[in-house]
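Dear colleague,

I am passing on the structure we spoke about, with the sequence alongside.

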Amino acid sequence: MSLTLLNAQTAIGAVGRLWAAAPVSIGALSLTGMEVPRLIRDGGTQQVAIHRLPGGGRVIDAVGNDPDRLELEGTFIGPTALERARALKLMRVAGAPVAFSGAGLSLMVRIVQYSYDYQQKGTIIPYRLVLEQPAQTAGPVGSTSSALSA
C-alpha cells in the first residue's frame with residue numbers, strides 16, 4: 001500500500017477520533033469518551049461430552065455453550081466521576097438484571113463484581129466491572145441475542 005495524501009489524512013483522522021469511541025451503556029448509565037472501557041473481554045467454552053469407544057475411538061458431542069463473564073476496565077474522569085462510579089456500585093448492590101450495550105453486544109446482564117479506585121480527589125476513578133452473561137444460542141455469525149431470567 002502506497003502512502004498517499006488520502007491515506008495519511010485517514011490515519012491522522014483515526015487517531016483524532018480515539019476520544020470519541022463508540023458509547024457503551026450499562027443500565028441507565030451511558031459511558032462515553034474516556035469512560036468507555038479500554039478493555040472488554042468476552043469469550044466462553046463449548047461444553048462437550050466425550051464417549052470413548054473400544055479400540056481407541058472417540059465420539060465427541062457438543063452439549064452447549066457456556067459463556068464467560070464479560071470483563072470491562074475503564075476510567076471515570078471529571079467532576080462527576082465519583083457520582084458515576086457510585087451509580088455502578090448501586091446497580092451491583094441491587095443485583096437486578098441490567099441492559100448492557102456495547103462492543104457489538106446487546107444483552108441483559110447482572111453485575112457480579114465491581115470495584116473502583118478513588119484517585120486525585122475523586123476526579124480520576126479507574127474501574128473494573130464483571131458482568132454475568134445469559135445463556136446464548138447459536139445464530140448467524142456476528143449476532144448475539146438472548147435474555148437473562150430474573
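In this predicted model, 7 strands come together in an open sheet whose order is β2-β1-β7-β8-β9-β6-β3, with antiparallel pairing. The edges are held by β2 (29-31) and β3 (39-41), each of which pairs on one side only, and neighbouring strands of the sheet are turned against each other by 35° on average, direction ignored.

Within the sheet, strand β8, which covers residues 105-116, and strand β9, which covers residues 124-132, pair in the antiparallel sense over 6 bridges; in β9, Leu 131 is the bridge partner of Ile 111.

Helix α2, formed by residues 81-94, lies across β1 (24-26), β2, β6 (70-77), β7 (98-102), β8 and β9, and it runs at about 110° to β8.

As for confidence, the protein chain has an average pLDDT of 79, with 76% of the residues scoring at least 70. Among the elements of the chain, α2 has the highest mean pLDDT, at 93, whereas helix α1 (residues 5-16) has the lowest, at 53. Over residues 14-19 the pLDDT stays under 50, and for this stretch the model has 3 contacts beyond four places in sequence. Residues 142-150 also have a pLDDT below 50, although in the model this stretch has 16 contacts beyond near neighbours in sequence. Where pLDDT is low, predicted coordinates should not be read in detail.

With best regards

How values were computed
Residues numbered from 1 in each chain as written. Predicted model: local features only at pLDDT ≥ 70, side-chain atom pairs only at ≥ 80, totals over all residues. Heavy atoms only, no water. Pairing = 2+ DSSP bridges. Helix = DSSP H or I, 4+ residues; strand = E, 2+ residues; numbered from the N terminus. Axes fitted to C-alpha atoms, helices over the stretch in contact; angles between N-to-C directions. Contact = heavy atoms within 4.5 Å. pLDDT = per-residue confidence, 0-100.
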